[in-house]
Amino acid sequence: MATEILMPALSPTMEEGTLAKWLVKEGDSVSSGDIIAEIETDKATMEFEAVEEGILAKILVPEGSAGVAVNAPIALMVSEGENISEAELDEAHSQQPAPADKTLTSESAPAAAKAHPEPQAAPDRSPDWPEGTELRQQTVREALRDAMAEEMRRDGHVYLMGEEVAEYQGAYKISQGLLEEFGPKRVVDTPITEHGFTGLAVGAAFGGLKPIVEFMTFNFAMQAMDQIVNSAAKTLYMSGGQMGAPMVFRGPNGAAARVAAQHSQDFAAWYAHIPGLKVAMPYSASDAKGLLKSAIRDPNPVIFLENEILYGRSFDVPMLEDFTVPFGKARIWREGTDVTLVSFGIGMSYALEAAEKLAEDGIAAEVVDLRTLRPIDYATVIESVKKTNRCVTVEEGFPVGSIGNHLSARIMEEAFDWLDAPVLNCTGKDVPMPYAANLEKHALVTTDEVIAAVHKVCYR
Amino acid sequence: MAARKTSAKSNHSAEELTSYYRDMLLIRRFEEKAGQLYGMGLIGGFCHLYIGQEAVVVGLEAAADEGDKRVTSYRDHGHMLACGMDPDGVMAELTGREGGYSKGKGGSMHMFSREKHFYGGHGIVGAQVPIGAGLAFADKYLENDRVTFTYFGDGAANQGQVYESFNMAALWKLPVVFVIENNQYAMGTAQARSTSSAEIYKRGEPFGIPGEVVDGMDVLAVKAAGETAVAHCRAGKGPYILEVKTYRYRGHSMSDPAKYRTREEVQKMRSERDPIEHVREMLISGKHATEDDLKAIDKEIKEVVNRSADFARDSAEPALDELWTDIYAEPGKEPA
C-alpha cells in the first residue's frame with residue numbers, strides 16, 4: 001500500500017507553490033527528517049522533510065512545476081520490499097487536492113456577524129442610595145482610600161502595589177494610612193519599573209490574588225501597555241475561560257496643570273477600545289468610592305481612571321456600611337428637555353458648568369455622567385436623546401477616535417429619527433499638551449466651547 | 001555518540017530512564033505530526049516546533065513537584081505535553097477545534113491549563129517573564145511553598161522586562177526558576193549577532209541571582225540542575241537562573257527557510273547530540289531495555305499521537321456562539 005506525499009503548506013498564507021527541486025530520486029530510501037525537496041512558497045524557498053521512512057517509489061510532480069496546489073499528491077512512498085500498483089498510480093494522478101479547511105468551514109457565518117451584542121433593556125434609573133441615607137462631604141482622595149481600605153479588610157487576597165504607595169503614603173496621597181493598617185505584605189512599594197510590575201501583577205492575578213496596581217499617573221502605564229492589553233485583557237478569552245486577571249489598574253489620568261505633553265493625556269478612549277477590559281472614569285467622590293469597590297470585586301481587569309484635579313474636590317458620599325456603584329449604569333446629574341450633554345470624569349465639570357449657564361439663557365440641558373466607558377450605558381443616553389432630540393458630548397481626550405465619536409455613531413444607529421441636529425463632540429484639541437499657561441488653557445476643552453456647541457445644535 | 005560527557009554512569013533506574021525516553025519521544029512524534037498537519041492546512045498561522053529541545057522540559061518536569069507552576073513563550077507544545085496535558089486537547093487546539101484546551105480560541109501560541117498549573121503559552125516575546133515572577137509572588141503571598149518555572153529563550157533574554165523581573169524577583173526573594181532555553185538562534189539571528197556577552201546565565205549576578213549553564217541535550221543533567229534550582233527556591237533564597245543550552249532542529253516557525261545556518265550544522269547536532277538517542281543509548285548499553293522494549297514504546301507513542309491527530313481532525317469547529325463567550329468573567333462565576 002503506497003502512501004501519498006502531499007504538497008505542504010509552508011506558510012500561514014500559502015495556497016500553492018513551486019516544486020523547485022527534488023533532492024531524492026525514485027527508488028531512494030528516505031528516513032524521517034531527510035530533506036526530500038525544495039519548495040518555493042509566497043515568502044521563501046523552503047526545505048521539505050520526509051515524515052515517514054520508506055522508499056520514494058514515484059515522483060508525481062516533476063521539479064520546476066509551478067502553481068502546485070497545497071495538498072496535491074506530489075510523490076508516492078512505499079515500505080521496504082513493497083511494490084506500487086498501477087491502480088494506485090492512476091488514483092494518485094486523478095486525485096484533486098482536497099482543501100482541508102474549506103470543507104469544514106461553517107456556512108452559517110452571518111449569524112455571528114452582529115456588530116455588538118443585544119441592545120440593552122430599559123435604562124436602570126434606580127437611585128445610587130436609598131432616600132434618607134445620611135451623607136457627608138468627602139474628597140475624591142478620601143473616598144478612594146476608603147474604598148481600598150474597605151475592600152482590603154473584606155478580602156485578604158486584595159493587595160496594593162505601585163511606586164510610592166507604602167512608605168511615602170502615595171505620590172498623590174491616595175494610599176494614606178494603608179501601610180500602617182495592612183503592613184508591607186499588602187501595601188507594596190515597587191521599583192520604578194512599570195512594564196515589570198504590571199506584568200508581575202498580572203501573574204499574581206493568574207495565581208489567585210486580586211492586585212490593585214497604582215500607576216503614579218496613567219502616562220507611565222504606556223510602558224506597560226502590552227501587559228495590560230495582551231496579557232491581562234485577552235487571557236480569559238485565549239484560555240477558553242480557564243483563567244483571567246481579576247485586578248484593578250488605577251491612578252490619575254488626563255491633564256493635571258502645567259506638566260506639558262508627556263504628563264497630560266486622557267487615555268479613556270484607548271482603554272475603552274479593548275474587549276476584555278472594563279473601564280471606569282468617575283467624576284464625584286461617591287462614584288469614586290462605589291465604582292472602585294465594584295472594580296476590586298470584579299473578576300475582570302478594570303482600568304480605573306482618576307483625575308489629579310478632582311482629588312481635592314468634595315462631594316456628598318453616603319454613610320453606608322457597604323456602598324457600591326454598578327458598572328454600566330450612567331447617572332443623570334440634572335434633568336432637562338432641550339439638549340443632552342454626555343460626559344464623564346473631569347469633563348463633567350465643564351458639562352455641569354455649561355448647563356448652569358445655559359439655564360440662565362432658558363436652555364434646559366440634561367447632563368448624563370457615563371461613569372463607566374466599558375460597559376457604556378447606551379440605554380440612558382439613547383433615551384435622553386429621544387427626549388431632547390439634541391446631543392453634545394464633552395471629554396478632555398483627543399478628538400480622533402474619541403468616546404464622543406463612538407457615541408455619535410451609536411446615537412445615529414439607534415436614534416437617528418429623533419435627532420433635530422447633528423451630534424457635536426467637544427474634546428481636547430488635536431495637539432500635544434503645551435506648557436505655556438495660555439496655550440494649555442486653549443488646548444483643553446472649555447465651558448464656553450460646550451455652551452457654543454449647545455447653541456449650535458439648538459439653533460439659538 | 002561522540003564526545004559526550006555522559007551522566008549515564010550514575011544510578012538512574014530503568015524506570016526513570018524509560019519515562020524520560022517516553023516523554024521526550026512523545027514530544028518529538030507529536031511535533032512531527034503537527035508539522036505534517038500544518039503542511040496539510042489543518043493547522044494555520046504560526047506554529048513553532050520544539051523538536052531538538054525535548055530534554056529541557058522533560059528534565060525540569062522531573063525536578064518539579066505537584067502544584068509547581070510553569071509559564072513559557074509561544075514554543076509551548078513540549079511544555080504542555082511534559083506537564084501532563086492531554087495530547088488530544090493540545091492537538092485539537094492547534095487545529096482550532098472545540099476539543100482544544102482553549103476551545104479553539106487560543107491556538108498554538110496561547111494555551112493554558114489551570115488543572116496542570118500551566119499558565120501559557122504567551123505570544124509576545126518576554127512577556128511571560130514578569131508573569132512568571134508574579135505567579136511566584138502569589139505563591140509567596142499565599143505561603144504555599146510552590147515554585148514557578150519561567151521559561152524564555154536566548155532571544156527574549158534581551159528584552160528589558162526580563163531584567164525588571166530579575167530585579168523584583170531578587171528584591172522580594174520570589175520562588176521562581178528562570179529557565180533560559182538557549183537554542184542559539186533568536187528567530188534567524190545567531191546569538192553572537194544579538195547578544196553582547198555569551199554567558200546569559202551570568203546576567204543575574206548584578207541582581208544577586210545565582211545562575212548556571214546546563215547541557216540541555218542531556219536530560220539527566222537538566223534534571224540535576226533543576227533539582228538544585230528548586231531546592232534553592234524552596235529554601236526561601238529567592239530566584240535561580242538556569243541557562244540550558246539546546247538546539248532546535250526545525251525552523252523558527254513553519255515558514256522559516258532557515259538560511260541563517262548550514263544544513264551540516266543541524267545534521268551534526270542531530271547525529272551527535274540528539275537528546276532522545278542519548279537516553280536510548282543509555283537504556284540499551286545499561287541493559288535497562290532491549291530494542292524490542294523500545295520498539296514497543298515507539299509503537300505506543302505513535303498510536304497516542306495518531307489518536308490525537310484523529311481527534312484534532314474530527315473535533316468540531318467551535319460553535320459560532322463561542323465568538324462572544326469568555327470575554328468577561330461573570331461576577332461570582334470566576335474561573336476556579
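So, Glu38(A) and Arg263(B) meet through their side chains in a salt bridge, at 3.9 Å from N to O. By salt bridge I mean a side-chain nitrogen of Lys or Arg within 4 Å of a carboxyl oxygen of Asp or Glu. Across the interface of chain B and chain A, that rule finds four of them, and a search of the whole structure, over all chains, gives 51.

Quick housekeeping. This is a predicted model, where local features need pLDDT of at least 70 and side-chain atom pairs count only at pLDDT 80 or more, while totals for chains, interfaces and linings use all residues. Residues are numbered from 1 along each chain as its sequence is written, chains are lettered from A and ligands numbered from 1 in the order in which they are written, and side-chain values use heavy atoms, with hydrogens and water left out.

Here's another salt bridge: Lys185(A) with Glu143(B), 3.4 Å from N to O. This one also crosses between chains, from the loop between helix H3 (178–182) and E11 of chain A to the loop between H5 and strand E3 (148–153) of chain B. When I say helix or strand, I mean DSSP runs numbered from the N terminus: H or I of at least four residues for helices, E of at least two for strands.

Okay, the interface itself. How many residues does each chain put into the contact? Chain B gives 64 and chain A gives 81, with contact meaning heavy atoms within 4.5 Å. Between them the two chains bury about 5,800 Å², and 60% of that is on carbon and sulfur atoms. Buried area here is the accessible area, with a 1.4 Å probe, that two parts lose on being put together, summed over both. On chain B's side, Tyr141(B), Trp324(B) and Tyr328(B) supply 13% of the area that chain B buries against chain A, more than any other three residues.

Now to the sheets in chain A. One is an open sheet of four strands, in the order E5-E4-E2-E7, with antiparallel pairing. Two strands pair if DSSP finds at least two bridges between them. E5 (45–49) and E7 (65–69) stand at the edges with a single partner strand each, so one side of each has no neighbour in the sheet. The twist averages 40° from one strand to the next; angles like that run from 0 to 180 degrees between N-to-C directions, with axes as lines fitted to C-alpha atoms, for helices over the stretch in contact.

Walking through that sheet: E4 (residues 35–40) is joined to E5(A) by five bridges, and Ile35(A) has Glu49(A) as its bridge partner there. E2(A) and E4(A) pair over four bridges, with Trp22(A) partnered by Ala37(A). Then three bridges join E2 (residues 16–22) to E7(A), where Leu19(A) has Ser65(A) as its bridge partner.

What about the sheet of seven strands: what is its order? This open sheet runs E11-E10-E12-E13-E15-E14-E20 in chain A, and the pairing is mixed. Ignoring direction, neighbouring strands are turned by 20° against each other on average. Within this sheet, E13 (residues 247–252) and E15 (residues 301–306) run parallel, joined by six bridges, and Pro252(A) stands opposite Glu306(A) in E15(A). Helix H2 (residues 140–154) of chain A packs on the sheet, touching strands including E10 (158–162) and E12 (210–214), and its direction makes about 135° with that of E10(A).
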